[in-house]
Amino acid sequence: MGNDTVTIIDNATGKRMELPVFKGTCGPSVIDVRNLYREMGYFTYDPGYLSTGSCDSKITFIDGENGTLLYRGYPIEQLAKHSTYPEVCYLLLYRKLPTKAELEKFNESIKKHSLLDEAMRVFYRGFRHDAHAMAIMVAGVGALASFYPEALNVHDRNDRETSAHRLIAKMPTLAAWSYKYSIGQPFTYPRNDLDFTANFLSMMFGIPTEEYQANETFVKAMDLILILHADHEQNASTSTVRLTGSSEASPFAALSAGIGTLWGPAHGGANEVVVHMLEEMISSGKNLKHYINRAKDKNDRFRLMGFGHRVYKNYDPRAKIIRQICHQLLKEIGSDTENQQLFDTAMALERVALEDEYFIERKLYPNVDFYSGIIFRAMGIPLNMFTVIFALARTVGWLAHWMEMMADPDARISRPRQLYTGPDLQKYVPIEKR
Ligand code: ACO
């Protein structure tokens, strides 16, 4: 990692400390502050982790200034063009692209684990018919821990691998069943004659009374979306999975926590909110400038959803790819007026925002969520399933990070510190004297 240092001097006491600097393969170096408190009596202060590296990782690299995203060193553009989602899963989990035989073995293992325990059918019945699919996912993934107590053997490499395969395999079934439940249709079982993505669409849209034939264009577009969402280094949900997993909790519990974090509109929930926002823009008949002005107004909580990113300060490379798929898909399937209108409004909004000083100055570009919702809509996927599909795709990224952390002999429970600004020591006053 290199042996550069940074010196800090406490101006109050004159005390100095040399802090080691670690260089990664690419990206900014980090200052190792682990001994700072012990030697200098200070914590670092970084709410929202604007400048904090929480771990070292070999999985994904993002260069936000240049709009670069690499999975295990492979650019997202190349993977989007040549790969498939199961192959990307293998790459993220096992650090290399698989041979044909390795991929076949991996696919077989995933197919072997795709069924849910039949008791899960009863579990679904406990939800209100209109429960948000993400609420069912948070609960469903957590509930799976009860069926696999061996998953608690988090220090056993084989048990970790089995849990990872189970989660990747069962997530599409869980996701499709939450949709089926919400529309009152029978649960559809996985089909081993289909590939991962076609199987997911079959469970979403198939019914027992008819043979389901997945639309090839949809399968391709969905597979690409899964690839684009598979990992994104230490984002909020992945950091949550690492934090939960650091207590040696079951990976099912860790992923359930991650799904809860992804749900928020500032993170994965944005894809759902973007479509609501575009629909409102269309139905209100108001000029797009009206919404741009609202987004700029600090007294208005409205934000342009699908814009901005903590790391990308140039175009989000995933958004570039997804925008193109969206355009192609609508052309190929002959979009209805409503979907075309959504796409046209999104493109117009992008144009207006990217010419506006406020957005230029703050480097606010469309992110991956800006166009994904329009694709989902065109496929007939309901709004409240958008973030669920994001969760399905990100499952492998969460697991790759969890496995990397669990295999790291230096990993410790995550326990941030704080700057306390509450009251000093108080003396208890009995209730009758307050
Ligand atoms: N609309 C209007 N203004 C924005 C937006 C937006 N979408 N995003 C950021 N800004 C402004 C902020 O108000 C702030 O302005 P200021 O410097 O005058 O105070 C500046 O840009 C910097 O924004 P921060 O909120 O500090 O950036 P942060 O890195 O904390 O947040 C986030 C990133 C959460 C993605 C934010 O841009 C946002 O809320 N975007 C909309 C929601 C969204 O699309 N989320 C999906 C993210 S991608 C994903 O999770 C897959």
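Predicted model: local features only at pLDDT ≥ 70, side-chain atom pairs only at ≥ 80, totals over all residues.
Let me begin with the chain as a whole. Its secondary structure comprises 18 helices and six strands. The radius of gyration is 24 Å, close to the 22 Å that the globule rule gives for 434 residues, so the chain is as compact as a globular protein of that length. Along the principal axes, the C-alpha trace spans about 75 × 65 × 55 Å. Of the 434 residues, 48% are buried. The chain exposes about 22,600 Å², and carbon and sulfur atoms supply 52% of that area. As for contacts between residues at least 6 apart in sequence, 70% of them join residues at least 24 apart.

I come now to the second largest pocket. About 790 Å³ of space lies within this pocket. It is lined by 33 residues, and the closest to its centre are Glu216, Val219, Lys220, Ala221 and Asp223. Which elements give two or more residues to this lining? They are helix H2, residues 76-82, together with H4, H8, helix H9, residues 216-228, and helix H14, residues 317-333. The most is given by H9, with eight residues. By class, the lining of this pocket has 15 nonpolar, nine polar and nine charged residues.

The model has two cavities of 30 Å³ or more. The largest cavity has a volume of about 100 Å³. Its lining is made up of Asn107, Ile110, Lys111, Ser114, Ala169, Pro172, Arg191, Asn192, Leu194, Asp195, Phe196 and Asn199. The elements that give two or more residues to that lining are helix H4, residues 100-112, helix H7, residues 157-183, and helix H8, residues 196-205. Here H4 gives the most, with three residues. In terms of class, five of the lining residues are nonpolar, four are polar and three are charged.

The second largest cavity holds about 30 Å³ of space. Gly308, His309, Tyr312, Asn314, Asp316, Tyr365, Pro366 and Asn367 line this cavity. By class, three of these residues are nonpolar, four are polar and one is charged.

The buried residues are Phe196, Thr197, Ala198, Asn199, Phe200, Leu201, Ser202, Met203 and Met204. They pack against H3, H4, H7, H9 and helix H18, residues 386-406.

The mention of H3 brings me to proline 86. This residue is placed in helix H3, which covers residues 85-94. Is proline 86 buried or exposed? Its relative accessibility is 11%; since buried means under 20% relative accessible area, proline 86 counts as buried. Leaving aside neighbours within four places in sequence, which residues does proline 86 contact? They are Leu103, Phe106, Asn107, Phe196 and Asp223. Among these, Asn107 and Phe196 also belong to the lining of the largest cavity, while Asp223 is one of the residues closest to the centre of the second largest pocket. Proline 86 and threonine 197 are 111 residues apart in sequence, yet their C-alpha atoms are 8.8 Å apart in space.

Glutamate 233 has a positive phi of about 40°, although it is not a glycine. It is found in the loop between H9 and helix H10, residues 236-245. With a relative accessibility of 21%, glutamate 233 counts as partly exposed. Glutamate 248 likewise has a positive phi, near 70°, and is a residue other than glycine. Its place is in the loop between H10 and helix H11, residues 251-262. Glutamate 248 is also partly exposed, with a relative accessible area of 43%.

Notes
Residues numbered from 1 in each chain as written. Heavy atoms only, no water. 1 Å grid on protein atoms, 1.4 Å probe; cavity = no way out; pocket = protein on both sides within 12 Å on 5 of 7 lines; lining within 4 Å. Points joined across faces, edges and corners; volume = space filled by probe spheres on them. Helix = DSSP H or I, 4+ residues; strand = E, 2+ residues; numbered from the N terminus. Nonpolar A, V, L, I, M, F, W, Y, C, P; charged D, E, K, R; others polar. Rg over C-alpha atoms; globule rule 2.2 N^0.38 Å. Buried < 20%, exposed > 50% of the residue type's maximum accessible area, 1.4 Å probe, protein only. Contact = heavy atoms within 4.5 Å. Areas by Shrake-Rupley, 256 points an atom, 1.4 Å probe, with all protein chains shown as cover.
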